[in-house]
Amino acid sequence: QPGEGTSGRWKLLGLLAAGLVGVVLYQWVLIEVERHTASSAGELDPEQLIAQFQAGPRHELAVGEDDPILGPPQASVQLVVFSDFQCAACRRFGLQLGALRDRFGDDIQIVFKHFPLSAPCNSAVTRDLPPRACQGAWAAEAARRQGRFWPLHDGLFAAGGSDPRAAAQSIAAREGLDMARFGRECDDEATRAKVA
């Protein structure tokens, strides 16, 4: 009876498929429960975070006249930002600095410190995370020497992950920088030392 054997195999196959679906659903439910438990356990209490911050160690950061500064020296808050023009997270934050300044006015001073995530210009990192990070930092530093750091800062972040050297050239020309000087200072040892 050929029809009965085939029918039995199909029933067995259907039973196995249903069992497999059940196991997959069970695993999915376990994963979701773990994920929600971890996220609710990891919820942050703002008051606890502030208390931890205030109890933490204090470090004096040297801020020099050659650091890009936005805002008055008598501001009640000084925000020192370490950043990289090729880093996506830095880009999202960097584009918000102007909004912070607009919102808090003379109550905030923003100081920029170069921290490219690339080994050739930052001895604190061991490998290139964004591969052209040094180029953006050197270009921004060259623009700072002509008093145009912040327009280059905003322009490089707005350009996203594009070639920082090409974006910087375009921004520098639009800002009216001395392009010959800008080119020299992008490659200058003093520029590289300041970034490092």
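Select Phe 53, Pro 57, Arg 58, His 59 and Glu 60, which line the largest pocket of this predicted model. A pocket here is found on a 1 Å grid over the protein atoms alone, as an open set of points where a 1.4 Å probe fits, with protein on both sides within 12 Å along at least five of seven lines, and lining residues have an atom within 4 Å of a point. The space in this pocket comes to about 200 Å³, where grid points are joined across faces, edges and corners and the volume is the space filled by probe spheres set on the points. Its lining divides into 2 nonpolar, 1 polar and 2 charged residues, with Ala, Val, Leu, Ile, Met, Phe, Trp, Tyr, Cys and Pro counted as nonpolar, Asp, Glu, Lys and Arg as charged, and the others, Gly among them, as polar.

Residues are numbered from 1 along each chain as its sequence is written. Because the model is predicted, local features need pLDDT of at least 70 and side-chain atom pairs count only at pLDDT 80 or more, while totals for chains, interfaces and linings use all residues; side-chain values use heavy atoms, with hydrogens and water left out.

Now colour the chain by secondary structure, which gives 9 helices and 3 strands in the order α-α-β-β-α-α-β-α-α-α-α-α along the sequence. Of the 196 residues in the chain, 31% are buried, where buried means under 20% relative accessible area, exposed over 50% and partly exposed in between, with a 1.4 Å probe and protein chains only. Among contacts (heavy atoms within 4.5 Å) between residues at least 6 apart in sequence, 66% join residues at least 24 apart.

Next, select Phe 85, Leu 152, Leu 156 and Phe 182, which touch the most other members of the 24-residue largest nonpolar core. At least two residues of this core come from each of β3 (108-114), α5 (133-144), α6 (149-158), α7 (164-174) and α8 (179-186), and α6 gives the most, with 5 residues. A nonpolar core is a set of buried Ala, Val, Leu, Ile, Met, Phe, Trp, Tyr and Cys residues joined through side-chain atoms within 4.5 Å. In soluble globular proteins, nonpolar side chains tend to be buried together.

Centre the view on Leu 152: leaving aside residues up to four places away in sequence, Leu 152 touches Ala 139, Ala 140, Ala 143, Ala 168, Ile 171 and Ala 172. A second, separate core of 5 residues includes Cys 121, Cys 134, Ala 137 and Val 195.

Turn to the aromatic rings, for which a search of the whole structure finds 5 pairs. Rings of Phe, Tyr and Trp (its six-membered ring) pair if their centres lie within 6.5 Å, and planes under 30 degrees apart count as stacked, over 60 as edge-to-face and the rest as tilted. The rings of Phe 85 and Phe 112 are stacked, because their centres are 5.4 Å apart and their planes at 20 degrees. Phe 85 lies in the loop between β2 (77-83) and α3 (88-94) and Phe 112 in strand β3, so this pair ties together parts 27 residues apart in sequence, and both residues are buried.

With Phe 157, Phe 85 forms a tilted pair, because the ring centres are 5.0 Å apart and the planes at 40 degrees. Phe 157 sits in helix α6, 72 residues from Phe 85, and both of these residues are buried.

Finish in the loops. Arg 148, in the loop between α5 and α6, is partly exposed at a relative accessible area of 31%; not counting residues up to four places away in sequence, Arg 148 touches Ala 143, Glu 175 and Leu 177. Asp 178 is placed in the loop between α7 and α8 and, at 42% relative accessibility, counts as partly exposed. A distance between the C-alpha atoms of Asp 178 and Ala 143 gives 9.5 Å, for residues 35 apart along the chain.

Methods:
Helix = DSSP H or I, 4+ residues; strand = E, 2+ residues; numbered from the N terminus.
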